Amino acid sequence: MSNFEFEEEEFTTQFNGRTVLRVLSQTRPHWKWVVGFMVTIAIVSALDSYFTVLSKRIIDEGIVAGNRAALVRIATTYGALIFVQAANVLGFIFLAGVLGERVQYDLRKRMFNHLQDLSFSYFDRTPVGWIMSRVTSDSERIAQLVTWGLLDVTWGTFNILTAIVFMLIINWKLALIVLAIIPILIVVAVQFKKKIIVEYRLVRRINSRITGAYNENVTGVRVVKALCREEENLREFGQLSSEMYRAAYRAAWLSALFLPTVQLISAVAVGGIVWYGGLQAQFGGMTVGGIQAFISYVTFMLWPIQDLARVYAEMQHAIASAERVFSLIDSVPEVSDYPGALDPGSIQGSIEFDRVDFYYEPGKPVLEDFSLTVNQGETIALVGPTGGGKSTIVNLLARFYEPKRGMIRIAGQDYTTLSLHAIQSRIGMVLQTPHLFSGPVRENIRYGRLDATDEEVEQAARLAGAHDFVVTLEKGYDDEVGEGGNLLSVGQKQLISLARAVLAQPEIFIMDEATSSVDTLTEALIQKGMELLIKNCTSFIIAHRLSTIKRADRILVIENGKICEMGSHTKLLRARGHYYQLYTRQFRRELELEYDSFVTSLGHSSP
Amino acid sequence: MAIAAPPRAFDLKRTISPNRLLGLWRMMSGFRLAYLGATLSLAVAAVSRTATYLLLRYFIDDVLSRGGFAGTLPLVALGFVGLALFGGVFTFLSGQLAARTAEGIVLRLRNYLFDHIQRLSFTYHDHIQTGELIQRSTSDVDALRRFFADQAIGLGRIALLFVINLAALLSLNWKLALLSVVVVPLVVLISIFFFVRVSKAYEAYQEQEATLSTTLQENLTGVRVVKAFARQAYERDRFEQENWEKFLRGRRLLLMHSLYWPVTDILCGLQMLAGFLTGALMAINGTISVGTYMAYAGMVIWIIWPMRNLGRLIVQTSTGLVSYGRVAEIIQEEREPLTEGQHSPKGDLRGEIIFRDLCFEYDTNSPVLKGISFGCQPGQVVALLGFTGSGKTSLVNLLPRFYEYTSGSVTLDGVELSEYPRYFLRQQIGIVEQEPFLFSRTIRENITYGVGRDVTETEIVAAAQSAAIHDVVAAFPNGYDTLVGEKGVTLSGGQKQRLVIARTLLKDPRILVSDDATSSVDAETEGVIREALERLMQGRTTFIIAHRIQSVMVADLILVLDKGQIVQQGTHEKLLAQPGIYRQIYELQTRVDFELEKEVSGVELRV
């Protein structure tokens, strides 16, 4: 299945320098912020090391020398530096944090805006979930890397470097011995962090399977019960949850081992310092404070190293995120305005499909050599089996896709010379399963024309036959339709989207009728709403209802990407061909449905 | 199939307590020893760290200040390494034991919840929201895991560090020790205050993140509408608004952090400095030794700085308590007794069913079925006719004891239905729904789901052929191994229904319940499904929820239901002979053919 191409967590393992540079370049518009947090964190880091020097001086110059004045002097410096330190801490948290939010904001904005330009073909092959996680979690990971990641690296590096400098100043020979331990620490820490990250990723994967199992168990609980699958299900789930236990335990085990291991290595260094420093102290080569400073440096070296290792281990993951985000930003819309595309102000006129070929996937033609001329104001009903190419015809007309070969002319002009906006803003479309946006009814209708007044919205709703049911809603036009309009029935959603189309005052009207049964009353209202649009527009209707079909000026029976019959209702019925078959079958079904609702009304009337 | 549930070592119902802390304590049952071990190990590790500073004091005061110590030096050095090793072992042990406890408790909880959910009654599942239930079983369980793994032990860690180091400090010099903790209560208060505030700001931030995701998701799922109305600019504005709002909330959050950390930095830093200064002065005065001062300087860090995180832990712990309450609400629900009932005959059921004056209600005082009386012989077909809400589904749901009738009686082969264990009944009854639920498994697994025995490949293919689904499955590249659902193929309503027919054929129940609604299916498929169903019905007592006359005509007994009562019953011929709803419906049937003929001939007459 094509979905497997979009499996999460996959990423290239090699280090891609270009991607890294591009990730870093995300901060370019805000370079001052970057400089700001880098400088403040560098100061914080250097001060962290310097406080150790001050502690050493308190011991050597104050306590051991018995000098109270010196002690107070050093303590004053110490106290002043605490404030300098705090000011810089404030600086870096705010600068790096806000920059992180900003980079995320920028990335999301760019991705979203780009998504609006991408063509249908992109959305056909890319699952919504994939796009969602690019915009949400991947952008976050990139933002983290260029702010906190960069910050941790700066802090860690500076901290280690300044510590080394101070150690070299205090006693260069001992410093060199200690230096030997740093690479060991780094290697061990990096290896640990890498393994820990792999383990936690495994835990996350199993966890999402556990969520899936719960999901199925809850949503499918009636089937589970009806089929007595409880024992078997529990056994299966038990395996999964035990797997989770093992993975989580292993990850925790490794994490628990990390700190003691690193601490043990630094303890060896501390032992060395005590030994060598003690010997040196005999000959005055080392002060008590000096030994104290060394021990401090080595003991707390653990933190910068841990940070460096973590950033390094996470970087791979973040780079993979970046690659996916950039792949979205870099994808080119397949349908877009050609240079010099214009908006003639109106697209009224005849519509002509001239020997059009189209396919979604190469080698699987949907339309072949398709030609059709439709006069201004004509109503075309498209009928025929699913997959025959009816939707493709209207999708091409709306220029969601463009012909692979051949040409579509609107008012005699190749429609690719027009701008997309010129065409699409003048098409009114009602889909089979109408999509509404969460928000009030009013806003959903207004979507057809954004500057419409409340009166115009209600007027459109009246014309479309939606008004009557809208006013019965609890809050009328201010009633929430729910996510995707799910609080309304399919018929109601269609009425709203008809009103939306009416408000848009389109020049071309496209409607895909719902196949699922809508109650008789709503159905009549929908028909009435359509009437108005059909009267004013050139209309293409993918029709399922006989009343709609009969009303069309011309009926096209589409099969296998070709027009296999065309003409008026009476002409086609007389021919006793495909259309006749289709018609009689539908006739039967509709009447049967009708007396189903008759059952309903009878049931209500009888006591 | 094993009917009896395996003995459960620990019933989590016993952990329920209105006192949530007590409830959490009970939930630890069986792991308390390990948890105690984790806490003790933590204490040992803290003691060994404190001992390191005491060793440092010994090194400075008793080794360095006396000459001729070349022999003791290596021992002291080894002492440092030894203490680190000793402490490290216990740090690891503590982490490992804590992980074992937390993961163990959660493993038990997950398994219990999973099983519990599938054993709760239909009434419970009717009322609970699916999303809510899944959320509680995943997110809230994870919150409990964090409570046991991090928060409880984290609070213990801070407390132990404080107590042990303070004790050591007190033994060094009690005045100095008390002076060093002056600021601690203040830091704790500020910390709690801050984290309570910040967790609210964080919630607001997360909420906005969710809003942003929803906006994105709606844009992606509604991409056809967006493009059809050329509303890209409008969508960009909408996203921009939400995106910017999130940036603002993020910035507010960071501002809070960037104030908290420096302020506490200053507080803790000045406290340390005050301690250093006093200690140093005492050392100069000779009140304490240099070594004591150095030990003090090392230990005091572990008292002051961890306090800054106390507020976070306390806030997080409170979310753990809330999660406990939410999970406990599920656990305290009563399970459906599946094996209760003394009559489970060894041989096959005959399938004779008699209803006598049966009444049923979901909620008290709103009867759904009233005075239902009818009987059917083994192998007969009973058709239920009536409009939505007339009680058809409620009636058949009583047969597998999904719900319990309130009064009257139903006998199966002469034995009252409530004498049969639910498990037994459900194995004997097959249900084919209108739009069946399938699991995200392979087609093969879906066909054999709940069949309860090993099924050979030949049997599966034979069942699929009989259900007229084999050809559809064989056309998939992976055949019977094709995944159904999100990551695999999407099956149409009719295909799902046939898959379930195949499953039911394999299950081979004595009683069959089916829903013949085929409104979402085209006419050809409809015929195929009907034939498959008829094959399945052979030799089984069948209840059909009928939506059309064709299914009713083959029935041995037709029940016309209205408002929970049987208004007409009998065979097709008998009902046709008497005036009533049934005859009126039937007469419409003949009108269909008549009108169709009229329409077609009318067209031809006009030639």
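## Ground rules

This is a predicted model, so local features need pLDDT of at least 70 and side-chain atom pairs count only at pLDDT 80 or more, while totals for chains, interfaces and linings use all residues. Residues are numbered from 1 along each chain as its sequence is written, with chains lettered from A and ligands numbered from 1 in the order in which they are written.

## Domains of chain B

Chain B is split into domain 1 (13-172 + 316-336), domain 2 (174-287) and domain 3 (353-381 + 401-544); the bounds come from an automatic or database domain assignment.

Over C-alpha atoms, the centres of domain 1 and domain 2 of chain B sit 25 Å apart. Where they touch, 4 residues of domain 1 of chain B are in contact with 5 residues of domain 2 of chain B (C-beta atoms, placed from the backbone, within 7 Å).

## Strand E8

Now for E8 of chain B, residues 541-545: it is largely enclosed by the rest of the structure, because 5 of its 5 residues are buried. Buried means 20 or more other C-beta atoms within 10 Å of a residue's own, with C-beta atoms placed from the backbone. Strands (E, at least two residues) are DSSP runs, numbered from the N terminus. B:Thr541, B:Phe543 and B:Ile545 point one way from E8(B), and B:Thr542 and B:Ile544 the other way.

## Its partners

E8(B) pairs in the parallel sense with strand E3 (residues 381-385) of chain B over 4 bridges, and B:Val382 stands opposite B:Phe543. Strand E7 (residues 511-515) of chain B also pairs with E8(B) in the parallel sense, over 5 bridges, with B:Asp515 as bridge partner of B:Ile545. Pairing takes at least two DSSP bridges between two strands.

Definitions and conventions
Two residues are in contact if their C-beta atoms, placed from the backbone, lie within 7 Å. A residue is buried if 20 or more other C-beta atoms lie within 10 Å of its own, exposed if 12 or fewer, and partly exposed in between; C-beta atoms are placed from the backbone.
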